[in-house]
Amino acid sequence: MTRRTVQLTIDGKQASVPEDATLLDACTSLGIETPTLCWAENLTPVNVCRICVVEVEGARVLVPSCSRKVEAGMVVHTDSPRVRTSRKLVLELLGSSVDMSLSPIFLEYSKRYGADPARFGPKAPKAKAGERDAAVPGHHHAPDGTHAATVAQPVKRDNDLFLRDYEKCMLCMKCVQACGTDAQNTFAIAVSGRGFEARISTEHDTALPDSACVFCGNCIGVCPTGALMFNVEHDLRAAKKWDESKQTVTDTVCSYCGVGCTLSLRVQDNQIVRVTSPSDNSVTAGNLCVKGRFGWGFVKGDE
Amino acid sequence: MDLRAIETPPGEDERAAVDSVLGPAPAHEPPLSARVTDERRTQLLPTLLALQAQVGWVSERGLGYACRRLGVPPAEGFGVASFYGLLSLEQRPAAFAHVCDDLACKAAGAERLCAEVTTRLGEKSWARSPCLGLCEQAPAALVTVAGQRPLEQAFGHATTDKIAAALSATPVAAQTPHFGGTGPRRLLARVGVVDPSSLDDYRAHGGYAALREALVRGTEGVLQEITLAKLVGRGGAAFPTGRKWEAVARAPARPHYVVCNADESEPGTFKDRVLIEHDPFGLVEAMTIAGFATGAERGVIYLRGEYPLAFARLSHAIAVARKHGLLGADIMGRGFTFELEVRRGAGAYICGEETALFNSIEGYRGEPRNKPPFPVHSGLFGKPTAINNVETLVAVLDIVRDGAAAYGSVGTSGSPGTKLFCVSGKVEKPGVYELPFGARVDELIALAGGVPGGKKLRAVLLGGAAGHFIGPERLHVQLSFEHTRAAGLSLGSGVVMVFDETDELGPLLQRIAAFFRDESCGQCVPCRVGTVRQEELVARLVAQRPLGSVQTELTLLNELAQSMRDASICGLGQTASSAIESALALTPFGGAS
Ligand SMILES: Cc1cc2nc3c(=O)[nH]c(=O)nc-3n(C[C@H](O)[C@H](O)[C@H](O)COP(=O)(O)O)c2cc1C
Ligand code: SF4
Ligand code: SF4
Ligand code: SF4
Ligand code: FES
Ligand code: FES
């Protein structure tokens, strides 16, 4: 079947894209840069962050460009006051509740849209370990408004390979997708709870080694905020020794089995600090197994 | 797929509860080799509800066993269980009370009741609840006693004595709600008149005449009559029902489904409960007509979990109708098949949003889906689905039986027919009122006996928590879709909640802000975090402790509201600020003007 082409107008310019394209595709085809946070090339759109919203004439509310399909004759505005306000607020709401400091793209968007998360007041103190996991849907302590509630909580470190620092989790769902239908088919983690107390967790917040997790690390590979991180990297950062200027990235083919996955090894001071695979790689699509992702630690015999 | 389910075997009571829904476990369980079919997963919520009702909570081993039986990954099962307010993941007393502290109950002294319940019955035996849909009998409570034969009682005019009695499994007398109105009684025609358990009585009062007429008119005839009658949905979104049904009827994909939205959780709303409790056969007949008109052979009624009496009466009506050949194969000997079942919610306002409701039935978290695609193309199980509110469906009966012209003999030109209003708060006779569209708010309040004790009216909440407050100077507003829209208001679900001069608006606004924060599903950033920031902001305004000036706070709220309205996925986030903004326009807080 041949794909038809659809014409639409974006910011006064004519776009001509295949009929199954999204508004984001159409914007990209015109060189209009659209911010995205929860969208990724190789994952099904979940359209939850809402940073990518645009204004479509005739629509009551803004629409998420990452998932909305184009329609012939649409008239779209990507930089109207309404769009700018919503994008700014999304950035402020995230910035005031989540530690986004390890997301360079977030910081760049914040500058572009003039986001000021401090408008909502000083951040509330960190929750105690387990406190957020014990939340009951439909119940919360009434706030007095002096502090802005956050998702800050202690790091979850329950194995030797990687940790989960949910203070940095923006609930983009990418890890859940990578662990589930979009890549790994393990379903070790899912969203639990409701509302502001929604969180990524295993069943009953079981430690990862006691869950279905197979330590493929594919969730780490897709996490955009540094919430999921190799222990090595976390420790280097904590010791203030993480130094990207001293790091090199080398591609190699994994030698554990015959599949031939490409590994990108990030090395600092002769130590492998992170292993990824290119998301556009035809063999891996960014995914690896426990051996490719973590095997190096044991091979090299370093801790 | 790797599926390392929780291995601990269930306790006897847990096995019994799960098996009561799923049947005994087969000797050899099929291997969990593929992602499980929706067929099995759709039993997840009923199974969790059975654990809650029979065991009193959803334990790790109970949930593990349910997941194993259904082939649901435990992490996802936990994600579903932790979504619902009526499911407890912590052990708690088998007898447990939910005490409403929402708007109407607050105005009726719920805080005093809560304090007394804690002192006399202990704080472990109860929890606060959002609106229980019994606002006309405020304050209200729901008491559950878990066991092999669970006992659930929802009742109004709650006192500590009544709650204590219910906790010890003593039946508390159900109260008949007050209903009234002006003009013809259509929706309420049989309410309080027929015996809700008797099919014969229903028939003696005109029951099943509409279905007979529908079979005579044929599918096209029914669709045409609904369209001519200009019937629009009563669930809040005011969408034309004829267009919806036609789109489903013409959709090429099969099968088609009809779903009744009986989740009724909008604070201040209780009309659907009254209809189902007092005229359950009416809904069964209306659903059958909907199935006939849209080419659906299966219908599901999604009923609010907090409505035990409605559940019992509706289940009974369905069983009786099936026994008499009014459901099932070859209905009325006309070769038309229709199966109907009731599913219960589990304490989540968001499951009233149509696509969240589908997800809930399918065994997923009750998170709304992005639209498009719309339910008429991709609804329940991804199939064409007509979903309608209870009142919308019941209105169909009169339209099909008497025709569109007769239906439109009352009402306004834009909104023909009658509408139910849920009048609560500070009026002499709170209850459900049926009026022709176009009646004025003050006429309705007068009909309900006016404000008691000669007090002055302070404000009316119109349309529910997702609606608007109006002041005494706007009570001449006519209650129709077009009049309220022109006034920048909305009929919502028909809520008219009256507050007098002794009611402080501040705590009410804080309750509304807390409600939206609690009920946000948590998917999208504008609503998940926005409702939190809104509640914090309202707390500062009410305490007169603004960050910066009151003016900076109002600017902030304005931007917050705009982005929630514009960028949220669903109606919850989109309307989460409307009542609060309207109240601030009415009453200055913290010296604002
Ligand atoms: C947060 C939220 C809650 C809702 N709750 C209900 C409800 O309890 N009952 C209902 O009929 N519609 C509810 N709706 C509206 C439904 O999404 C849908 O529009 C309605 O069921 C369609 O039926 P109708 O056309 O007959 O009104 C809700 C919508 C939202 C956004
Ligand atoms: S490491 Fe792999 S299996 Fe474990 S949670 Fe992450 S994606 Fe799932
Ligand atoms: S842990 Fe990372 S990938 Fe997962 S939801 Fe949070 S931010 Fe997204
Ligand atoms: S608006 Fe709120 S309730 Fe609706 S999808 Fe977003 S977070 Fe969920
Ligand atoms: S990028 Fe589109 S909603 Fe997140
Ligand atoms: S029952 Fe309490 S407010 Fe509705």
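Rings of Phe, Tyr and Trp, the last taken by its six-membered ring, are said to pair if their centres lie within 6.5 Å, and a pair counts as stacked if the planes are under 30 degrees apart, as edge-to-face if they are over 60 degrees apart, and as tilted in the remaining cases. By this rule the count over all chains comes to 13 aromatic pairs. One of them joins A:Phe230 and A:Phe294, a tilted pair with 5.3 Å from centre to centre and 50° between the planes. Because A:Phe230 belongs to strand β9 (residues 228-230) of chain A and A:Phe294 to helix α7 (residues 290-299) of chain A, the pair ties together parts that are 64 residues apart in sequence; helices (H or I, at least four residues) and strands (E, at least two) are here DSSP runs, numbered from the N terminus.

The structure is a predicted model, in which local features need pLDDT of at least 70 and side-chain atom pairs count only at pLDDT 80 or more, whereas totals for chains, interfaces and linings use all residues. Residues are numbered from 1 along each chain as its sequence is written, chains are lettered from A and ligands numbered from 1 in the order in which they are written, and side-chain values use heavy atoms, with hydrogens and water left out.

B:Phe336 counts as buried at 10% relative accessibility, and B:Phe338 counts as buried at 0%. Returning to chain A, ring pairs link A:Phe162, A:Phe215, A:Phe230 and A:Phe294 into a cluster.

Rings also take part in another arrangement, in which a charge sits over a ring if NZ of Lys or CZ of Arg is within 6 Å of the ring centre and within 35 degrees of the ring normal. B:Arg41 lies over the face of B:Tyr364, at 3.9 Å from the ring centre, and B:Arg92 lies over the face of B:Phe96, at 3.9 Å from the ring centre.

On a wider scale, the chains are divided into domains, with bounds that come from an automatic or database domain assignment. In chain A this assignment gives domain 1 (1-123), domain 2 (126-239) and domain 3 (243-303), and the C-alpha centres of domain 1 and domain 3 of chain A are separated by 33 Å. Chain B is divided into domain 1 (12-81), domain 2 (95-167), domain 3 (199-406), domain 4 (418-496) and domain 5 (505-585), and in this chain the C-alpha centres of domain 1 and domain 4 lie 45 Å apart.

The ligands can be approached through the residues near them, that is, those with a heavy atom within 4 Å. Around ligand 3 there are 14 residues, of which A:Cys169, A:Cys172, A:Met173, A:Cys175 and A:Cys223 come nearest. Around ligand 4 there are 13 residues, and those that come nearest are B:Cys521, B:Cys524, B:Cys527, B:Cys570 and B:Gly573.

In chain B, eight of the eleven residues of helix α4 (residues 60-70) are buried, so this helix is largely enclosed by the rest of the structure. Among the buried residues of α4(B) are B:Gly62, B:Tyr65, B:Cys67 and B:Arg69, and just after α4(B), B:Gly71 takes a positive phi of about 70°.

B:Asp398 is placed in helix α16 (residues 390-402) of chain B and counts as buried at 10% relative accessibility; leaving out residues up to four places away in sequence, B:Asp398 touches B:Arg186, B:Gly403 and B:Tyr407. B:Glu339, in strand β8 (residues 339-344) of chain B, is partly exposed at 35% relative accessibility, and B:Glu339 lies 146 residues from B:Arg485 in sequence and 38 Å from B:Arg485 in space, C-alpha to C-alpha. B:Gly295, found in the loop between α13 (280-294) and β7 (296-303) of chain B, is partly exposed, with a relative accessible area of 35%, and, its neighbours within four places in sequence set aside, B:Gly295 is in contact with B:Arg254 and B:His256.

How values were computed: Buried means under 20% relative accessible area, exposed over 50%, partly exposed in between (1.4 Å probe, protein chains only). Contact means heavy atoms within 4.5 Å.
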